[in-house]
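My plan is to look up a few residues, then the chain as a whole.

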Amino acid sequence: MNKNFSIVLIILALALIAYNVTVIDFKNPLGEDSIIAVIGVVAALCAIVLLLILLASRKIQDKLKDQ
């Protein structure tokens with residue numbers, strides 16, 4: 001997986017977060033419909049964190065190869 005593909009996935013995850021935030025009912029965020037949106041936001045945030053870890057590990061791996 002190259003860097004550009006990872007960036008595209010991060011942008012898609014951010015778009016998913018933006019959509020799910022509009023669905024959440026902030027008066028009752030753990031209600032019937034809102035809980036699915038909250039889970040979607042958390043899942044997208046986890047995906048972003050994992051992709052950022054992957055990008056950081058690739059940078060470290062490239063630096064170690066150059067030595």
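Is Ser34 buried or exposed? I looked it up: Ser34 is buried, with a relative accessible area of 5%. For my own use, buried means under 20% relative accessible area, exposed means over 50%, and partly exposed is in between, with a 1.4 Å probe and protein chains only.

A note on ground rules before I go on. This is a predicted model, where local features need pLDDT of at least 70 and side-chain atom pairs count only at pLDDT 80 or more, while totals for chains, interfaces and linings use all residues. Residues are numbered from 1 along each chain as its sequence is written, and side-chain values use heavy atoms, with hydrogens and water left out.

**Entry: Ser34 and its surroundings**

I find Ser34 in helix α2. Helices here are DSSP runs of H or I with at least four residues, strands are runs of E with at least two, and both are numbered from the N terminus. Setting aside neighbours within four places in sequence, I list Val23, Ile24, Asp25, Asn28 and Pro29 as the contacts of Ser34. Contact means heavy atoms within 4.5 Å.

**Entry: Ser6**

The next serine I checked, Ser6, sits in helix α1. Ser6 is buried, and its relative accessible area is 0%.

**Entry: the core**

Which residues make up the largest nonpolar core? I get seven: Ala13, Ile17, Ile24, Ala37, Val41, Ala44 and Ile48. Such a core is a set of buried Ala, Val, Leu, Ile, Met, Phe, Trp, Tyr and Cys residues joined through side-chain atoms within 4.5 Å. Both α1 (3-23) and α2 (34-66) supply at least two residues of this core. The largest share, four residues, comes from α2. I also followed Ile17: beyond its neighbours within four places in sequence, Ile17 is in contact with Val41, Ala44, Leu45 and Ile48.

Val21 lies in helix α1. I have Val21 down as partly exposed, at a relative accessible area of 34%. Not counting residues up to four places away in sequence, Val21 touches Phe26 and Val41. I also took the C-alpha separation of Val21 and Asp33: 12 Å, for 12 residues along the chain.

Ile53 belongs to helix α2. How exposed is Ile53 by relative accessible area? I read 52%, so Ile53 is exposed. Between Ile53 and Leu12 I find 41 residues in sequence and 17 Å in space, C-alpha to C-alpha.

**Entry: the whole chain**

I count two helices and zero strands in the protein chain. The radius of gyration is 16 Å, well over the 11 Å that the globule rule gives for 67 residues, so the chain is more spread out than a compact globule. That radius is taken over C-alpha atoms, and the rule is 2.2 Å times the number of residues to the power 0.38. Along its principal axes, the C-alpha trace spans about 55 × 15 × 15 Å.

Buried residues make up 22% of the 67 in the chain. Of the contacts with a separation of 6 or more, 57% are between residues 24 or more positions apart.
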